[in-house]
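Thank you for coming, everyone.

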Amino acid sequence: MVSLAAAFCLITARTPNVVLIYADDLGYGDTSVYGATSVKTPNVDQLAKSGIQFTSGYCSSATCTPSRYSLLTGRYAFRQQGTGVLPGNAALIVPTDQITLPKVFQRAGYATGIVGKWHLGLGDSRDQDWNSPVTPGPRECGFDYSFIMAATGDRVPCVYLENQRVVGLTPDDPIQVSYAKPFPGEKTGVEEYDFLKMKPSDGHNQAVVNGIPRIGYMIGGKGALWKDEDRADVFVSKGVEFIEKNAAKPFFLYFATHDIHVPRVPHSRFVGKTKMGPRGDAIVEFDWQVGQILSALARLKLADNTLVILTSDNGPVIDDGYQDEAVERLGNHRAAGIYRGGKYSIFEGGTRVPMIVNWPGHVKPGTSSAMVSQVDFLASFASMTGLDLKAGDAPDSLDVLPSLLGQSTTGRTSVIEHAGTLAIRKGKWKYVQPSERAPYDVSTRTELGNSRNDQLFDLSTDPGERHNVAVLHPEVTARLRKELNEVVAGGTSR
Ligand code: NG6
Ligand code: CA
C-alpha cells in the first residue's frame, strides 16, 4: 500500500514545473512566428517551433483585468460586476475563499510565485495604506511569493511591491495615492506638459513619474518609484531568482510582463531595434525577457521538466493614449494578424491571442487549431496535478490538458468572447450579441465590433469578420444566441 506522502511524491515527481509567461497587449500578429515581418522575436519563435503553436487560443476578455480574473479563477469575468479595468487603488477582486490557479499548484506541493503585472486590486478598500503591507493580495490568492506592480505602467502607484510591501520605501517619505485629486504641491502632466519625456494622446495627464504622466495622483515614496526603462531587467532578475530558489521543488511561476503595454519605454538596449518605434522595440524587449527565462531554465537544467506557456491578456492596440509614434511608424505591420479589431474589441482581434505550450520531450512540436481558453488553465492543471475540482469550483474552466499537450485537437467546442459585449464562437461560427455600445473608438482607433443587430460570421471563410451572414443563417444565429444566453444564465459552463 502506498502511503499518502508517497502517493503525493509520486504525483509531484512526474508533474513538471510550470512557467506562464503572460504578455500585456501582445497581439496575434505581433511576433514573427505568428507572421510579423517588421519585428523579429527569435525567443518566442524558438519556443513555438519546439512546442505547440495554437491558432485558436483565447483570453477571456479584450482588456486586462477581466482576462486576468478569468485566468486565476477559472470563471468568466462577465459573471462578476467590477471586473473591468481597475484603478491602481482598487480593492482585491479575486475571492480569497475559492480555488485559484496558483492554489491548484499549492495543493500539489508546488512553490508558487508571481512576478510582474497584477491588476486585480489589493487590500480590502480603496484607501489602502501603501506604507504597510497591503493585504489581501497575491498571497491570499495562492502565491507564496510576489513581486508585482499593482496595476499598469500608466497607473499610480508607480512602485513595486514585494510580498505586498512597497519596495524601497523609507519612513521619512511615506507614499500617498489618490484617484480623486492631486495632492497639495503635486505638479501634474498638465502643468509639466512641456517637460514630459512622453506626451499623452489621450488622458494620462495626472501624476508625473520618471517624466511620464500617468493616471491617478501620488506623492512621496521617492526612493520607491520605478524607472520604466529598467522594468524588464527588474522582472527578469526577480523571475530568475524565484526559479533559482525553487529549483529543487516543483514550482509555478506566473511571469506577467509589463511589455508591450503603454507607456512603452524600453531600455536603451532595445531602442531603435525596429523601425516601428517604441511599440516595436517593446516587442523586442518582451522577446528578450522570454529568452532570459528560458536560458535560466536551461542553465539550471530544468528545461526538460518545465512546461512553459506563453500567451497575452488581450489583443493589440496601437495608440493607447501616448504619443509614441506607434501609429505613424506602424508601416504594414498587422498587430492582430488576419483578424479584425484589437484590444477593447469583440472582433477576433480582441481575444484571439498568441498561445504557445512548450515542454521539451513531452509535447510534440507542431501547430494546433484546438480551441482553448486561458480560463481552462485552472481545470487543466488541476487535472495534470491530480486535483479533483468540486462542483461549483472554477465554473467555466474545462480540462483541455490533452489539447494543451498536443495529444488531442478537440479543445473546447465553444468559447465566450467578452468586450463588454458578448460573443460565442462554436466551430466555424461566431455569433455576436446586439449591443448599443459604440462600433468604433476614436481615441484608440479601434473597430469595437458592436452592432445593434445580431452578427454572425463564418470564420472558416471570413476570418476577418467582414460579412455578417446572420440573416442568411437564421437557424444558426438562433441556436448560438440560445447557447450564449444559456451560458450566461446558467452561472457555469463546466
Ligand atoms: C485605458 C487607458 C489605456 C490602458 C487601458 C487599460 C486612457 C486614455 N487609456 O483606460 O492607456 O491603460 O485603460 O489597459 O487612460 S489594460 O491592458 O490594463 O486593460
Ligand atoms: Ca492588457
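One term is needed before we start: a polar contact here is a pair of N or O atoms within 3.5 Å. Please also keep in mind that what you see is a predicted model.

Let me begin with ligand 1, where a backbone N or O atom of D320 lies 2.8 Å from an oxygen atom of the ligand, and where a polar backbone atom of C64 is 2.9 Å from an oxygen atom of ligand 1. K117, by contrast, uses its side chain, with a polar atom 3.1 Å from an oxygen atom of ligand 1. On its own, ligand 1 has 450 Å² of accessible area, and the protein covers 85% of that. In total 19 residues surround ligand 1, and C64, D154, R155, D320 and K343 are the closest.

C64 takes us to helix α3, which spans residues 64-73 and is mostly covered, with 10 of its 10 residues buried. What do these buried residues pack against? Their partners include the strands β1 (17-23) and β3 (111-117), as well as the helix α4 (101-107). Just after α3 comes G74, which takes a positive phi of about 70 degrees.

Finally, let us turn to the calcium ion, ligand 2, which is coordinated by D24, D25, D313 and N314 at 2.1 to 2.8 Å. The angles among its six donor atoms run from 50 to 176 degrees, and the site is irregular. Of these residues, D313 is buried, because its relative accessible area is 0%, and N314 likewise counts as buried at 0% relative accessibility.

Key:
Residues numbered from 1 in each chain as written. Chains lettered and ligands numbered in written order. Predicted model: local features only at pLDDT ≥ 70, side-chain atom pairs only at ≥ 80, totals over all residues. Heavy atoms only, no water. Donors = N, O, S within 2.8 Å, 3.2 Å for Na, K, Ca; no water. Tetrahedral: all angles 85-135°; square planar, octahedral: opposite > 155°, others 65-115°. Buried < 20%, exposed > 50% of the residue type's maximum accessible area, 1.4 Å probe, protein only. Helix = DSSP H or I, 4+ residues; strand = E, 2+ residues; numbered from the N terminus. Contact = heavy atoms within 4.5 Å. Near = heavy atom within 4 Å. Polar contact = N/O pair within 3.5 Å; in protein donor to acceptor, adjacent residues only side chain to side chain. Areas by Shrake-Rupley, 256 points an atom, 1.4 Å probe, with all protein chains shown as cover.
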